[in-house]
Amino acid sequence: MEPMALWKRILILLICGWGIVGAIPNLFYGRVERHNDAVAAIAAAGGTATAEQSAARAEWPDFLPSALMNLGLDLRGGAHLLAEVKVADVYKSRMDSLWPEVRDSLRGLRDQVGAVRRAPSPDDVLRVTVSNPDGMTAALEAVRGLGSSVISLTGVGQSTLDVTAEGNDIVVRLSEAERQATDERTIQQSLEIIRRRVDEAGTREPTIQRQGKDRILIQVPGIGSASELKALIGQTAKLTFNAVVSRTTDAAATAGARNSLLPSLDETGVYYIVEDAPVVSGDDLVDAQPSFDQNGRPAVSFRFDATGARAFGDYTAANIGAPFAIVLDGKVISAPVIQSYIPGGSGIITGSFSVEESTRLAVLLRAGALPAAMNFLEERTIGPELGADSIAAGRVAAMVAGVAVMLYMVASYGLFGLFANIALVINMALIFAALSAVGGTLTLPGIAGIVLTIGMAVDANVLVFERIREELRANRNPARAIELGYERALSAIIDANLTTFITAVVLFLVGAGPVRGFAITLGIGIVTSVFTAVYVTRLITETWYRWRKPATVVV
C-alpha cells in the first residue's frame, strides 16, 4: 500500500485538530457566552470594566477559542413579532409635503385661478380649491409639472402624480405606478431599518423577513420579551431640529401658517410652536452615542455629516440667544437656548433620560427613522425552557443514534468499524466547529439534521469496507486490498453525497426559517462526513497497518 503523502497527513491532522478545538467552547456554552458579552461590553466602554464584567470575562481563558454557534429562537427563547407597516402614513406625508409646492406653483396664476386653499380630503388625496374655475386648465398644467417621470412595470416616463379637476377643486393623487413603487420602497426601507436597529442592539442571528404585501416577521433569539423588542423597533424615531417661534401652556393655541404646536416630552402642560421646516433633520446624522452631560446626567451625543454640520453651524451663528427645539416623533425633547456658534456639526441632547433610555435613543437615531408606523398583529415571548428541553431531547436522540451506529459498525466490521467510529466522533466535532466559525444558527430542525448526519456519515465507510472485502475475496494482499478499496469506492461516495448536497443547497436557497436550519447542518454534515470517511479513516487504517503489519486482514 502506497503511503499517503506527508503534506496530506499533516493537513488532515490539522483539520481534525481545528475541529476538536473549535467545538470545545460549545460544551461550555453559557460560560463562553458570558465571557464574549463581557469582552464586547468592555471594548464598547473604552476598556473600562466593572467587577461583574471582569468576573464574567475570567470564566473562559482568553487564549482559547471562543466562537460559538448561535442558537435559534426555538432553542434559546426570545421574541416573535408580526408587524403590519402602515403604508397609508407615507401617502399622507407625501400629500402634506406636496401642498406647499402646489400652492407655490399656483402663486403666479392668481390672476387666472383666484384664491387658493386646501380643502379637506382623505389622507392619500390632496384637494385644492380655486375660487375662479376659468383658470383650471392652466392650474392643472402647472400642478402636473410637479410630477416627475418614473420608470415602472407598466411603462416608461409616467408621471408620479395623477392630477384631475372636480368642479372648483384640483384633485391630486399618486399614480398607480408610483403607489406600487412607494409601497415597495416603504417595506424595503422598513426591513433595512429594523435590521439595523436589531443589529445595533447586539443580538445575534435575527430573522427579519417580509410576509405578504405589507407585513414583516421579526424573530430575535435571546431578547427578554416581545415588549422589549417592540420598544426597540416600534418607535418611528424621526428626529428634527426646528426653530422655536414661542413657548406656551395653551394646548389650543393657534400655531399659524407653516408652524406646528408640539408638546414637550418631559414638561407636562408645556407646548412649543415651531416652524414646520426643520433646520437639520435626523437624515443628516452620521453618529449618535449615549453619553453624559456636564452634570453627570444621561444624554445622547450626536454628529452631523458635512451638509448637516454646515446648516447647523450657520443657524447657530445667526441665532445666538434664540431657543432651538430638538423634536423626536412630534414631541420636543428639549429646547435649549443657543449660547454660541457651534461649529463641527456635533452636539448633545439632554433631557429626563435614564441610562437605558439614552442608550435606546442612540440606537434608534443611528439606525434612522422608520418611514411609517407599524401595527403589531402578533407578538409572542418564547421562554428558554422550551429550548432547554429541546436541546436535552436532541442530545439524547444524538447519543442513542450515535451509540446504535457505533455498535452496528463494530459488530459488522470489527476493528475497521472502530476506525469508522473514531472518524464519526471527529465528524461531529467538525460540524460544531464549522457552525461556530461561520456563525451558523442551530435550530430544532438543525438538530434533526445532525442526527440524520450521524446515520449517513458511516455510509461511505460501508462502501469502502465492502469494497475491501471484495478485493480480499479476489485474493489481493491486504495492503493492496485496502488501497483499491478506498480508490474504487471514491466515485460512488462522491456521487451519492453530491446529490444529497445539492438538495441541501436548494433547501437553503428556497426555504426559510427552520428549513434553512436543517439545510445548514445537513450540508455541513455531508462535507465533513465525506472528509472523515475517506481521508481520516484511511489515515487511521494506514497508520495501524504500518505499525502492526498484519499478514491477514479481517473486515
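The legends below describe close-up views of a predicted model.

Residues are numbered from 1 along each chain as its sequence is written. In this predicted model, local features need pLDDT of at least 70, side-chain atom pairs count only at pLDDT 80 or more, and totals for chains, interfaces and linings use all residues, while side-chain values use heavy atoms, with hydrogens and water left out.

View A. Leu490, Ile494, Leu498, Phe501, Ile502, Val505, Val506, Phe508, Leu509, Val510 and Val527 make a nonpolar surface patch of about 940 Å². Patches consist of residues with over 30% relative accessible area and no salt bridge, with like charges joined within 9 Å and nonpolar side chains (Val, Leu, Ile, Met, Phe, Trp, Tyr) within 5 Å. A salt bridge is a side-chain nitrogen of Lys or Arg within 4 Å of a carboxyl oxygen of Asp or Glu. Areas follow the Shrake-Rupley method with a 1.4 Å probe; for residues, only the protein chains shown count as cover. Helix α16 (residues 478–510) supplies the largest share of the patch, 10 residues. Helices (H or I, at least four residues) and strands (E, at least two) are DSSP runs numbered from the N terminus. Leu509 belongs to helix α16 and counts as exposed because its relative accessibility is 64%; buried means under 20% relative accessible area, exposed over 50%, and partly exposed in between (1.4 Å probe, protein chains only).

View B. Three strands, in the order β15-β16-β19, form an open sheet with antiparallel pairing. Because β15 (285–292) and β19 (346–350) stand at the edges with a single partner strand each, one side of each has no neighbour in the sheet. From one strand to the next, the twist averages 25 degrees. Strand β16 (residues 298–304) pairs with β15 over 7 bridges, and Leu285 stands opposite Phe304 in β16; two strands pair if DSSP finds at least two bridges between them. Helix α10 (residues 306–318) lies across β16 and β19 and runs at about 110 degrees to β16. Contact means heavy atoms within 4.5 Å; axes are lines fitted to C-alpha atoms, for helices over the stretch in contact, and angles run from 0 to 180 degrees between N-to-C directions. Asp314 lies in helix α10 and, at 51% relative accessibility, counts as exposed.

**View C. Strand β10 and its partners.** Of the 7 residues of strand β10 (residues 215–221), 5 are buried. Strand β2 (residues 78–85) pairs with β10 in the antiparallel sense over 7 bridges, and Ala79 has Val220 in β10 as its bridge partner. Strand β9 (residues 207–211) is joined to β10 by 5 bridges, also antiparallel, with Gln211 bridged to Arg215. In the hairpin of β9 and β10, which has 3 residues between the strands, Gly212 takes a positive phi near 70 degrees.

**View D. The buried residue Ser190.** Ser190 is located in helix α8 (residues 176–200). With a relative accessible area of 0%, Ser190 is buried. Apart from neighbours within four places in sequence, Ser190 is in contact with Val85, Ile216, Leu370 and Pro371.

View E. An open sheet of 4 strands has the order β3-β4-β8-β7 and antiparallel pairing. Strand β8 (residues 169–174) is joined to β7 by 6 bridges, and Leu161 stands opposite Leu174 in β8. Helix α5 (residues 88–107) lies across β3, β4 (126–130), β7 and β8, at about 25 degrees to β4. Helix α7 (residues 136–144) lies across β4, β7 and β8, at about 165 degrees to β7.
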